[in-house]
Amino acid sequence: MKNRSFLSLSSLAVILAAVFAMACKKNFDEPETVTNPGVTANTTIKQLKQLYTTASGEMKLITDDIIIRGIVVGNDRTGNIYKSIYIQDSTAGIQIDIDATGLYNIFPVGREVFVLAKGLYVANNAAMVKLATRVVENGTPSAAGIRGIYLDSYIKRGSLNNPVVPKVVTISQLNNDYQAMLIQLNGFEVDPADLNKTFADTSVNKSSTNINIENCSGQGIIVRTSGYASFAGQKVPQGNGNVTAIYTVFNSTKQLIIRDTTDMPLNGPRCGSGPTTLMNISDVRALFTGTPTTVPAGKRITGIVISDRSAKNIVDQNAVIQQGNNQAGIVVRFSSAHSLNLGDSVDINVSGGTLEEFSGLLQVGASTNGITVVSTGKSITPRVATIAQVNTNLEAWESTLVKVNDVTVTGGTSGNWGGNTTWNDGTGTITGFTRTGTSGATFQNTPYPTGTISSLTGIVGQFNTTKQLSLRNLSDVGTGSSGGTTLLDQNFAGVTNNADLAITGWQNIAEVGGVKFKGGTFSGESFTKITAFSSAQDVVTSWLITPAINLNGTTNEVLTFKTIDGYDNGATLKVYYS
């Protein structure tokens, strides 16, 4: 009896195996017969994702009679995609897990499919959303591919050879709306550190490998390739070009999957290589027509830096370049923090850089490797204009220097420059913007003058729909206030370099150590200075005291001063008032 039972079970197993084999053969190997599947989509892929939102690791059963339609954009033809296909419609894309191989035979790229989603699960695997079935192993549920014998119940095949056009995007645009979609990134190349690598590990381990690619602006993303891909052992391309890929994520990491090497034909000149031709900043700006674009290869711009990184009223990666007096300017966003100073004359390679708006402000990407400082100490004469003229010409004057006369300032933070202030010259108002916080402008906590300020100079900009001017530093604030009284103004003009400072009414006291303040001159500037160097004193305490100032007849007094220090032990200059 045991033998008979054993034989019966074996026969049954053989019969089931044969049935399963025939089912697989029918689904994957028979010649294509394209027929109308007789179903109609009633939901877009985007709507499906919105109806069944999931958190990472979560699965939701689809209980509605939902039918989606999509075009296949990725399959397992080269082995870089395993037991999955990717489909998309005009609204979104989605990954579908299928427990079978050779899927490219029945789901070639360009095939129309209809998915009868009821009974499937929307699963979130490390922030990547997909369609799958559910299995439970050792009491733990997990996502699994649709078994081959059930495939026809869930996925109906439609027409072939539908056009698949990748969506051209920039790195900054990539978000979860593009998951599982075929996208195109223009002007990218393999990071120099990865140029000697192959796409993936072809050793016995066959590990998946990340290759970093970046554009000429230094914006980068990962290309992830399986060690089982047919092209895993090929060396990565060495040039620059456009990348077509399926966009995926792993938690917060953005990554691309290419279907084969034709998706990554990087054969053009690399960023910064080859001859370049000069392009006017105004012509660069004209390339932008409302959507992100790429500056043609072999282009560079020249101009004067009008932003002041040392005063920190601009982010470390940005610099504002103006080509000349009353000429065009633009924000250049570098791949990393730059070292350009106010007044540097620069030549910048913007070849392949991304030209796009950030909160309404146009900027062009560039690598810090493409910077050439031609000379230093240059200046742009600001355009003198009314606030009404600035508001009218803001787009044309964006990222250029403007001077406005006879201005009153209100708002801000506690009467300081920090945050948004309102500037008024009688012809109109505009927002004055100063960065705040730990990385904000060095003058954010400095009070602005009351009354009518003789002039304010700033860089023209905008934040979304808000028109604004931004000071570079406090030198942009006109001296004195035409609506008030100057009680004391000392610029140390006429002092003798390295001689003890002697100004009528001022006290120069060496309390400890015998070191007094001295006069100083450099490059046409006059100042006072003090140093304990070469004094042979362990402790030096010195005082420079102004004449007495009568404040009985004034209100809202403001004290401003400038200092610079170097080679100090932390005991820098302090100002006391009594």
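1. A word on charges to begin: Lys and Arg count as positive and Asp and Glu as negative, while His and the chain ends are not counted. The place of a charge is taken as NZ of Lys, CZ of Arg, CG of Asp or CD of Glu. On that basis the protein has 42 positive and 41 negative charges, and their mean positions are 7 Å apart.

2. Please keep in mind that this is a predicted model, in which local features need pLDDT of at least 70 and side-chain atom pairs count only at pLDDT 80 or more, while totals for chains, interfaces and linings use all residues. Residues are numbered from 1 along each chain as its sequence is written, and side-chain values use heavy atoms, with hydrogens and water left out.

3. Now the overall form. The radius of gyration of the protein is 34 Å, whereas a compact globule of 578 residues would have one near 25 Å. That radius is taken over C-alpha atoms, and the globule rule is 2.2 Å times the number of residues to the power 0.38. Along the principal axes, the C-alpha atoms fill a box of roughly 120 × 55 × 50 Å.

4. For secondary structure, expect six helices and 35 strands. These are DSSP runs numbered from the N terminus, with helices being H or I runs of at least four residues and strands being E runs of at least two.

5. The accessible surface comes to about 30,000 Å², and carbon and sulfur atoms account for 50% of it. Accessible areas come from the Shrake-Rupley method with a 1.4 Å probe, and for residues only the protein chains shown count as cover. Of the 578 residues, 43% are buried. Here buried means under 20% relative accessible area, exposed means over 50%, and partly exposed lies in between (1.4 Å probe, protein chains only).

6. A contact means heavy atoms within 4.5 Å.

7. Two backbone angles deserve a look. Most residues other than glycine have a negative phi. K206, which is not a glycine, has a positive phi of about 50°, and S399, also not a glycine, has one of about 65°. K206 sits in the loop between β12 (182-190) and β13 (209-215); S399 is in the loop between α6 (394-397) and β27 (401-413). Is each of these residues buried or exposed, or partly exposed? K206 is partly exposed, because its relative accessible area is 31%. S399 counts as buried, because its relative accessibility is 1%.

8. You will find D260 in the loop between β16 (253-257) and β17 (277-278), and it is buried because its relative accessible area is 14%. Its side chain makes a polar contact of 2.4 Å with the side chain of R77, and another polar contact, of 2.2 Å, joins the side chains of D260 and T262. A polar contact is a pair of N or O atoms within 3.5 Å; within protein, one must be able to donate a hydrogen and the other to accept it, and residues adjacent in sequence count only if both atoms are side-chain atoms. Setting aside residues up to four places away in sequence, D260 touches R77, T78 and F231.

9. T248 belongs to strand β15 (residues 240-250) and counts as buried because its relative accessibility is 4%. Beyond residues up to four places away in sequence, T248 touches Y86, M128, T253, K254, Q255 and I257. I96 lies in strand β4 (residues 93-99) and is buried, as its relative accessible area is 1%. Among the residues that I96 touches are K83, V115, L131 and I155.

10. Two loop residues complete the note. Q219 lies in the loop between β13 and β14 (220-225) and is partly exposed because its relative accessibility is 22%. Its contacts outside four places in sequence include I171, F188, T354 and E356. G426, in the loop between β28 (416-424) and β29 (429-434), counts as exposed because its relative accessibility is 70%. G426 and T408 are 18 residues apart in sequence and 8.9 Å apart in space, C-alpha to C-alpha.
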